[in-house]
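I opened this model to look up how its parts meet. My notes follow in the order in which I took them.

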Amino acid sequence: MIEAGKRDYIIQAHHIFKTFPGVKALSNVSFDLHQSEIHCIVGENGAGKSTFIKILTGSLRPDSGELMVHGKNYKYLTPYLSQTLGIQVIYQENIVVPQMTVAENVFVGREKATRFGLIRYQETIQATQKIIDSLKIHLDPEAPVEKLSPAEQQFVKIVKSLAYEPQVLIMDEPTAMFNVNDVKVVLDLVKDISQRGISVIYISHRLEEISEIADRITVFKDGQIVITHDNPDKNFDLNLLTREMVGRSVETFYKKDKNTIGEVVMEVKNLKLRRHSPTIRFNLRKGEILGIAGLVGSGRTELVRALFGMDRKVSGEVLLRGKPVNIRSPQDSIRAGIGLITEDRHKTGLALNLSVIKNTTIAGLDQYPGGILNLNQEKKDVEHFILDLDIKTPSPHQEVRFLSGGNQQKVVLARWLFKNVDILIFDEPTIGIDVNSKNEIYKLITELAKEGKSIVMVSSELPELIALSDRVLVVKNGRIITELNDQEITEENIISYAFGVTDDGQSKE
Amino acid sequence: MMDNPKSDGHLTTKTTNLPALFKNQSFFLLIVIILLSVIFGSMNPRFLTWGNLLAVFQQITVLGIATMAMALLLISGGIDLSIGSMIGLSSVVICTLIMRGSNVGLAILIGFGIPVICGFINGVIVSKSKCVPLIVTLGMNYVYYGLALVISQGLFLSMKGNFQFLGRGRVFGVPMPMIIVIVMVFATHFLLTYTKYGRRLVAMGGNEQLAYLSGINVDRLKIMNYTLSGAIIGLASLVLVSRLGNVLANAGEGYELRALAAAIIGGVTFEGGRGTIAGTFLGVILLGIVQNGLNILNVSSYFQTLAVGVIIVVAVVVSNLEKIRNR
């Protein structure tokens, strides 16, 4: 195998290490890519897949290790170098310009033009058409991209990357938003591309499709490569893959004591997360930490938005302590005693230019009587929370942008404690927070539950879900696919439900 | 972010790299104002006389009041470029009513009410259409100016000597406009610093998404704030007609840009959430002193325009020094 492969290695990565503050993103990663193979990468969120891809595309530099591309050694790549070496990436998010046509998008930045800078439209269109024809797909090169379906837009990205005549094509979850038919087309496309001699690195959460197309499968876990499998008969044991993606010792992780769980405080009935998805129902008890697991795009975000009244809800009922409440805006949900700690602290969680005081009291100004604020009283109240939550800030007047991620998150939490809500929804409670502060946040969450607050925690980090949750709901395709209790809350279980290997006997997509 | 929580302490020193002078824009402005006064005074002693300083204050009253409205809007993340036309429209209506023999009190009341309504309309369009307020109010600027032209037919209109107290009266020897502007500065400062309403404005300007997710009815707050600013503009307009005695449709021309400039010089930012009323008022005073000082030194008005432009750009750059450094 090695002798046969030696001449056709396109990329070889040796002992790559990469550390971010507080996180070992990659450690001792060695990976190789053959000519015209489809090499799939699987792993949980945060396993190091994206970091590794970023090293191949030159947007990150490894701390140590070596890259060999076409037999030449590099300490690191730059985005420009990576492109010249024939490496192209198709990202999940949209990078097309919606107002421009397919052909214009394909050649954006490298327009076919006369020497006076005038664009040769016919030539652009013909060149685009040629690539489209070679892929045997239907796409009008003159159609504006915004008029195309998401699947067709994905094709535009593929056509665009092929226009660079790459030798390596990296695809990051190209089928994430597709229905079954479109997935089939994309998979066929990928096979076709590899048969032309292009090597493909394919990242996906859909294990079935990986089993179908992969020549080799590499499993990432905690920044390391667990194993690389050959997949000659295109029918891999998905349960084995799932086990390999997990297998972490959860013991080293934060351990919480069991707390007493009281009566039901919130009941959600007949809630539709999307127009065409089935209704869901669940309840939340006093003192309970309810974990919500699911992949990106599973409906987790919609669930949070619906509970907090951020979208006009499609349908559904929420009962708080048995009484129906009508939640149509964040204002309604806050009044009902619900607080949300958003996923994006900087965009939606904080006003970065404002002080710790102003960020803390903004949701709860109505605690104070009348229209005029007693600034001394306010400062005293906030100082109380600074002490209680151990927020490290030189002064309550400090602008929050100067605080560390963990302390910023505590300010957001202080806001809802000041407002004295009963139900707290955490969306990715420890995103962008270093390890030490994470543990502090976990401790705070557990203490809050002990004090009788009810907590909904959406998280991509399975260890934290497992360590903290009393119960876990797994969300997939806009519905709750299963509820896990006590001993059932394991990484294996969550992953197999979230990835859809175990589908609870219900219809497959 | 940070590995070691202890290291948080040194983060604060980051800002103290800059001289304290630059850190606090209001303080910086105050120094500049004093320096300029000394320079103007040494070149022409007449500048530093009590009479002249009163005159400076007189000249900036309307701008000072209008700038309070602009600051409230900017700090909350909005802007209103139609305030000049609102002043013009209101003045024209007052004079027209008086010239047609209407009751003076009623005319004044209606004249005050018109900018309130204009502000309300601006607020509704801005909040409900989710369009950029800069563009919406730029359009409304033409609408209100057009209305003022239609009503006045482009003619000079007169107050016929009525209602002079607000613009020309004195209380214990202090000119009325000066009293009004000082009261307005304190009132606006109080509103912004010590009331829930003001705090919510600041939060909305700092991060509108956050304000929304904190249970603030963002649309309603915007409409209220535009309406309130309209009322302040109504007051500015009354002071103006009262002082001038006769007006054209373009009576308020340019106030929107000068108010914007004064607020920005005072440390208010375009992005919202930042700035103080004290700084804003110092911005107004600086503009007034430069204009008056250059007048006294017999500098041509062409150069004055040039000077004002330079001041605005320097002020904006100075207030952005920290950002440039931290990049």
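**Interface.** I looked up the contact between the chains first. It takes 26 residues from chain B and 32 residues from chain A, where two residues are in contact if their C-beta atoms, placed from the backbone, lie within 7 Å. On the chain B side, α1 (8–11), α10 and α11 (208–213) each supply at least two residues. Helices here are DSSP runs (H or I, at least four residues), strands likewise (E, at least two), numbered from the N terminus. α10(B) gives the most to this side, with six residues. By class, the side of chain B that touches chain A has eleven nonpolar, ten polar and five charged residues. I note the classes: Ala, Val, Leu, Ile, Met, Phe, Trp, Tyr, Cys and Pro are nonpolar, Asp, Glu, Lys and Arg charged, and the others, Gly among them, polar.

**Basis.** This is a predicted model, in which local features need pLDDT of at least 70 and side-chain atom pairs count only at pLDDT 80 or more, while totals for chains, interfaces and linings use all residues. Residues are numbered from 1 along each chain as its sequence is written, and chains are lettered from A and ligands numbered from 1 in the order in which they are written.

**α10(B) on α12(B).** I followed α10 (residues 196–206) of chain B to its packing on α12(B): the angle is about 110° and the axes are 11 Å apart. Axes are lines fitted to C-alpha atoms, for helices over the stretch in contact, and angles run from 0 to 180 degrees between N-to-C directions. That makes α10(B) roughly perpendicular to α12(B); angles under 35 degrees count as roughly parallel, over 145 as roughly antiparallel, 65 to 115 as roughly perpendicular and the rest as oblique. B:R200, B:L201 and B:M204 of α10(B) meet B:V218, B:L221 and B:N225 of α12(B). I find four nonpolar, one polar and one charged residues in this contact.

**α4(B) on α12(B).** α12 (residues 218–244) of chain B also packs with α4 (residues 50–75) of chain B, at about 175° with axes 9 Å apart. The two are therefore roughly antiparallel to each other. The contact residues divide into 14 nonpolar, three polar and no charged. B:N225 is among the α12(B) residues here.

**α5(B) on α6(B).** α5 (residues 83–99) and α6 (residues 104–129) of chain B pack at about 155°, axes 9 Å apart. They are therefore roughly antiparallel to each other. This contact has 13 nonpolar, two polar and no charged residues.

**Sheet in chain A.** I read an open sheet of six strands with mixed pairing, in the order β16-β17-β18-β13-β19-β20; two strands pair if DSSP finds at least two bridges between them. The edge strands are β16 (338–341) and β20 (479–485) of chain A. Four bridges join β13 (residues 289–293) to β18 (residues 454–458) of chain A, which run parallel. One pair is A:I289 with A:I455.

**Confidence.** pLDDT is the predictor's confidence in each residue, from 0 to 100. Chain A has a mean of 86, and 92% of its residues reach 70 or more. Which helix of chain A has the lowest confidence? That is α1 (residues 2–6), at a mean of 42, whereas α13 (residues 356–361) is highest at 97. Residues 503–509 of chain A also stay under 50. Where pLDDT is low, the predicted coordinates should not be read in detail.
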